[in-house]
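Please take a moment with the sequence and the structure shown here before reading on.

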Amino acid sequence: MSNVVGINEFVGTANGETHCWLCQKPLSIRALFCHFCGTVQPVREIDHFTRLGLDRSLDVDGELLERQYKALNKSLDPERFLIRGIGERGHASKQRDALNEAYETLRKPLKRGRYWLRLQGKELDGDQEPSSLMADLRQELLAACDPCQCDRAAQKAGQLLEQGVVLLMKALREENWAEANAILVRLDGIDGFCDEVRVRRKELCGIQH
Ligand SMILES: [Zn+2]
């Protein structure tokens, strides 16, 4: 179970206690609300897994993630804070932002993979030559003169992305950090390419109509 890491390995205080900003009673650092006075708490420095109440694992259970996110988001619904003070409304709003960031990061394998590397302190900045495969795809896109050709390029890119994510997860599980970093750079390139295809497709659709 090397892909599940104990709670204290990333954030020393994740299990620690803190105090309610209002009534000063002790609280778990993960608590959104004070158990004593019910006040919403400020955003604390905890990792995304902890924020969503999930085990720290590369393989996130998608359904559980959705459930946790929805429940937490509901408890932070702005409607609930309409009659609270400015301080509490501010904390609730920042908690929602932090929750959304955690959710968006863990939901997508590519983002989760990069976050995992960062948590392990293994994220590298490295330039990488674009692969010949990407160069071919780019050529194909440049030559595309109708939306169908764009779709074909997008399909190939999507396939590469899918295969890449499988390889990325494998490298991360095996703690092959150099490989994982190299794959991430490649996948970012493909991801960017997918955006370019969408733009090109829109242009071509505009020309046709
Ligand atoms: Zn309190």
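This is a predicted model: local features need pLDDT of at least 70, side-chain atom pairs count only at pLDDT 80 or more; totals for chains, interfaces and linings use all residues.

Residues are numbered from 1 along each chain as its sequence is written.

Alanine 153 lies in helix α6, residues 147–173, where helices (H or I, at least four residues) are DSSP runs numbered from the N terminus. Alanine 153 counts as buried because 25 C-beta neighbours lie inside 10 Å; the cut-off for buried is 20 or more other C-beta atoms within 10 Å, while 12 or fewer means exposed and anything in between partly exposed, with C-beta atoms placed from the backbone. Leaving out residues up to four places away in sequence, alanine 153 touches Leu137, Glu140, Leu141, Ala144 and Val197, a contact being two such C-beta atoms within 7 Å.

Alanine 153 also belongs to the largest nonpolar core, which has 18 residues, and is among the members that touch the most others, as are Ala157 and Val197; such a core is a set of buried Ala, Val, Leu, Ile, Met, Phe, Trp, Tyr and Cys residues joined through C-beta atoms within 7 Å. Helices α5 (132–143), α6 and α7 (177–208) each supply at least two residues of this core, and α6 gives the most, with eight.

The buried residues of α6 include Cys150, Ala154, Leu160 and Leu168. After α6 comes glutamate 175, whose phi is positive, near 55 degrees.
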